[in-house]
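Subject: Structure for your files

Hello,

The structure we spoke about is below, with my notes after it. Please read the notes with the structure open beside them.

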Amino acid sequence: FQKMGGTKINVSKKFFNKLYFRYNQFSNLTQRKYPTKRTTAYPVSQLSVKNVDNFKDLGIREVLCKALRQNFNITKPTPCQQKLIPSILSGNDVLIRDLTGSGKTFGIVLALLSKTRIVPKSLSQNTRSSIPITTNLLVVPSRELAFQIESWIHSLFRDTNLPMKSIIQVAVKTAKEIEEEQLVNFRKTPPLLLVGTAKRLLELVENHGLKFHGLNTLALDEVDHLIKLPGKHANLKKIINREIHPKPTELLARHILSGLNNDNNESSRNEKIYYRYKPQVIISSATLNRALRYYFKDNQLAPNPIFVDMSQGNYSPPTITHHCLTITSNNIRNLTTSNSTSEEERIQDFEEDDDRMVDSVVGTIELEKQMIQTGIIFVNHKINVPELVKKFREYGIPAKELSSSYIPTISEQGYSYNSLSTIETDLNDIVTQSTFSPKTTIYVAQEFTSRGIDIPNISHVFILGVPSSAAEYLHMSGRTGRMGGDGKVISFIKDGQKRVMMNYITFLDLKLDNYEHVD
C-alpha cells in the first residue's frame, strides 16, 4: 500500500486477506519465465521490407492476395500494414500503434490467416480429448467488430470451396440458440482463427471447459479498452479495486499462461506437451500508451516485443475537421479555447437525449445533408438507442441502430446477417417526408461500439454528449477520415460540460474549427 500511495489506510482484515490472496495469485503467475520458440528479436527496421507495394512480398498467401484484388479491389498495403505484417510473421511478440483508419485490424487478420498452422503431433494423436484446438485467438472489444471480421473473411474466401468453419468462427454473446451452435462448432471443427469478446471466451473457459491447447497466437485488438488500466491520477481506492476485480481479458490471458507450467495434477501432466511454448502475443490500439506497454512487459505477456509505432506523435488523422457546439435552453454556440475558460459554466437541467439536444443534432444534419454520404451518431451507454432512433425518424432522419446491422441469424445455409429489415419495417410508418437521398444512412450507436468498426463511406460523425474519456472521443471520431479520406466530426455538449470537453481536445492536441452556421 505504501508503494502505491505513500500513506497508510485502515482496512478490515477480511478485505486485506482478499487483496493479499489476489496479489500472490497474480504474482506467482506473472513472475514465471516461460520458454519461447521465438526467432531473434530483430529491430523493426530489419523485419520490414522497404518500398513494398504488394502483399505477396510481405508474406501474405497467394490465395489471399488474389481475393484482395478481386473482392476488395485492394492491391497495395497501407504503410502500417507494411510494418506490422512482417513483424507478425516473424513470430515475435508485437505491439502496434497507429492512427485510426490505418488498416491495423485488417492487416492483423491477413497476417494471422497467412501463418502456418502448427499442431503438435502428440496432440493430434490424443483421440480421447474432444477439446477444440484453436490456432489463433483474436480478442476484440465488441460483438459488432467480431462479426465484421467474420464478414471480411467470408468475403475473402467467397470464390473458394474452403469450409469456412475451419477458417473462422466467432464467440460472442448473442441469441441463445446461436451461442449453442457456436459451442457445437468449436468442438466439432476447430478454427484456424477464433474471434471473440473476452467475456464470452472466459464464459466458455469457465463453464464449458474450453482450452487453448496448441495455441500459436494471442491477439488483443483495441487493447486499452480490453484492459482498462487505472488512470494516471487514479486514487488508491480505484487502484486496489482494479487489482481485486481484474478484467475478463486479464483472466483469459492468465488462463492461457497458467497452462504453460501447470503440472499439479495428472491431467495437466498428460497435457504438458501442449503448453510447451508461450503463444505469440499481438497487441494493437491507436491509444497504446506507455502504461499499457509496460503492463505487458512487466507481466511477461510480451517481455521483449517489437514496437510498431506509426503514429509519429499524432492522435487524429489531419484530414478530419473537429467542431464542438454547446447547447443551452436558449442558444447554440461554438466551443472555442477563449470562451471555455473565461465564461462561467451553467449546469443544464436536461439530459443528453432531451429534445433540445436532439433538435440541435437534427438541425445540423439537415444543414449537412447534401454532403453526408453515411453518418453515425454516438451516444453514451445510458441512452436508449432504439428510442432515440424513433425520435430521429420522426424528424425525417433516415436513422438506424448500428448494432443490429451485425447480428447474425441462423438459416438453413448457416449464418446470415440482419440488415435491419425488421427494424425498418416497424419504423417506416413514422418517417415523415424524408428529403434525404435513398442511399443516405445515419447510424445511431453507443460509444463503446466505435472500437475498430469500419463502415464504408462514413463522412460525418456526430457525438451527442461529452465522451467518457479522451480515448473514446478519439475512437469515435476515427470512424471517419479513414485511409486518408476527409471527414467531419461535430460534438454536441451541454454548457456545463465545456471544461471537460476542452480538456480532451487539449490532451489530444486537436484544433477546434468554428461551425460556420453557428455563432
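Strands β8 and β9 make a hairpin, and four residues lie between the two. Before going further, please keep in mind that this is a predicted model. The pairing of β8 with β9 (residues 332-334) is antiparallel and rests on three bridges. Within this pair, Ile327 sits opposite Ile332 of β9.

β8 (residues 320-327) also pairs with β16 (residues 487-494), here in the parallel sense, through eight bridges. In that pairing His323 faces Ile490 of β16. β8 is mostly covered, with seven of its eight residues buried.

**Strands β1 and β7**

Four bridges connect β1 and β7, which run parallel. Arg97 has Asp309 of β7 opposite it.

Asp98 is in the loop that runs between β1 (94-97) and α6. Is Asp98 buried or exposed? Its relative accessible area is 7%, and the cut-off for buried is under 20%, so Asp98 counts as buried. Pro79 is 19 residues from Asp98 along the chain, and the C-alpha atoms of the two are 9.9 Å apart.

Gly107 belongs to helix α6. Gly107 is buried, because its relative accessibility is 0%. Between Gly107 and Cys80 there are 8.1 Å from C-alpha to C-alpha, with the two residues 27 apart along the chain.

β3 is joined to β4 (residues 193-197) by four bridges, and the two strands run parallel. Ala171 has Gly196 of β4 opposite it. Between the two strands the chain passes through helix α9 (residues 176-188), and this β-α-β crossover is right-handed.

**The second largest pocket**

The volume of the second largest pocket is about 680 Å³. Its lining consists of 33 residues, of which Gly101, Gly103, Asp454, Arg482 and Met483 are the closest to the centre of the pocket. Which elements give two or more residues to the lining? They are α6 (104-114) and β15 (458-464). With three residues, α6 gives the most to this lining.

Sorted by class, the lining holds ten nonpolar, 15 polar and eight charged residues. Domain 1 (30-118 + 131-260 + 273-309) and domain 2 (320-338 + 349-508) each supply at least three residues to the lining of the second largest pocket.

Most residues other than glycine have a negative phi.

Asn73 is not a glycine, yet its phi is positive, at about 55 degrees. Asn73 lies in the loop between α4 (62-72) and α5 (79-89). Its relative accessibility is 66%, so Asn73 counts as exposed.

Lys228 likewise is a residue other than glycine with a positive phi, near 50 degrees. Its place is in the loop between α11 (223-227) and α12 (236-244). How accessible is Lys228, and what does Lys228 count as? At 42% relative accessibility, Lys228 is classed as partly exposed, because this class covers values between the cut-offs of 20% and 50%.

Arg242 is in helix α12.

Regards

Technical notes. Residues numbered from 1 in each chain as written. Predicted model: local features only at pLDDT ≥ 70, side-chain atom pairs only at ≥ 80, totals over all residues. Heavy atoms only, no water. Pairing = 2+ DSSP bridges. Right-handed = clockwise from strand over helix to strand, strands pointing away. 1 Å grid on protein atoms, 1.4 Å probe; cavity = no way out; pocket = protein on both sides within 12 Å on 5 of 7 lines; lining within 4 Å. Points joined across faces, edges and corners; volume = space filled by probe spheres on them. Nonpolar A, V, L, I, M, F, W, Y, C, P; charged D, E, K, R; others polar. Domains from an automatic or database assignment. Buried < 20%, exposed > 50% of the residue type's maximum accessible area, 1.4 Å probe, protein only.
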